[in-house]
Amino acid sequence: MRQRVNRFIFDVDGTLTPSRGIIDSEFHDWFLSFTHNNKCWLVTGSDYPKTLEQLGKDICESVVTSYNCNGNDTWFKGKRVNSSSWVLPEDAHHWLAEQLTFSGFPLRTGNHFEHRPGMVNYSIVGRNATKEQREQYVTWDKDKDERNYIAHNFNLLFKGITATVGGETGIDIAPTGKDKSQILCDFNKDDNIYFFGDRMDKDGNDYPLAQLVKYPKPVRGWQHTWEWLSWLQEQGIAS
């Protein structure tokens, strides 16, 4: 009988790092050691250059695979091995552009559509926002629930494409089924998979994968991830 193997999959923003930020230096060294002693994977909505900026080359190349753009752009030891050429349809792009006009949030910083392999990250405040401007939008969105509202209506209007809330300010948009759960085709169904992510709520981009693994671990930030991993080591589940 095949021995079951513990495997560890990690979201990045809000799970290993502050959202859009760089990994804490002390946690970086600890987590790098963890990846050397355990089978680890990354799965994030961000593109590889951003993940490289956030985690560093050593972590990105010590994990088994970095699944970027929700698994639509795959990297192994710093080299791209697979990438989707999907493009957002014009009518969907036009509808999202209209939402920029309709939104009551007062700031627009530019780069509202970030086209990545196999997906688009859409943001009302824009990817050019400063940390303070992002925080303003986070507060706004918690009160208005704008991203969930936009994603819900988008999904009603456009069949074959799915919008999910990701990170603090964005919405991830990709062909239906081309979400984080697609990476499971590279795993054995008997493996014990521990998946750590900060958006496992129903509208979050970690949700599709979290529903399919044996041990989903919702976290409140990188510190919480560290606490979980330390506990797993104490229990002998992780090395």
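Buried means under 20% relative accessible area, exposed means over 50%, and partly exposed lies in between. These terms return in the legends below, which describe a predicted model.

**View 1. Arginine 80 and aspartate 73 form a salt bridge.** Their side chains meet at 2.8 Å, N to O. Arginine 80 has 47% relative accessibility, so this residue counts as partly exposed. Aspartate 73 has 1% relative accessibility and therefore counts as buried.

**View 2. An open sheet has four strands.** The strand order is S6-S7-S9-S8, and the pairing is antiparallel. Strand S6 (113–116) and strand S8 (161–166) are the edge strands, each pairing on one side only. On average, neighbouring strands of this sheet are turned by 20° against each other, direction ignored.

**View 3. S8 pairs with strand S9.** Strand S9 spans residues 170–175. Six bridges join S8 and S9 in the antiparallel sense. Across the pair, threonine 162 stands opposite alanine 174 in S9.

**View 4. Arginine 7 and aspartate 191 join distant parts of the chain.** Their side chains meet in a salt bridge at 2.7 Å, N to O. Arginine 7 sits in strand S1 (residues 6–10). Aspartate 191 sits in the loop between S9 and strand S10 (192–197). The two residues are 184 residues apart. Both arginine 7 and aspartate 191 are buried.

**View 5. Arginine 116 forms a salt bridge with glutamate 114.** The closest N and O atoms are 2.7 Å apart. Why does arginine 116 count as buried? Its relative accessibility is 6%, and the cut-off for buried is under 20%. Glutamate 114 has 18% relative accessibility, so this residue also counts as buried.

**View 6. Asp11, Lys180 and Asp206 belong to one network.** Salt bridges that share partners join these residues. How many salt bridges does the structure hold? The structure holds 13 salt bridges.

Methods:
Residues numbered from 1 in each chain as written. Predicted model: local features only at pLDDT ≥ 70, side-chain atom pairs only at ≥ 80, totals over all residues. Heavy atoms only, no water. Pairing = 2+ DSSP bridges. Axes fitted to C-alpha atoms, helices over the stretch in contact; angles between N-to-C directions. Salt bridge = Lys/Arg side-chain N within 4 Å of Asp/Glu carboxyl O. Buried < 20%, exposed > 50% of the residue type's maximum accessible area, 1.4 Å probe, protein only.
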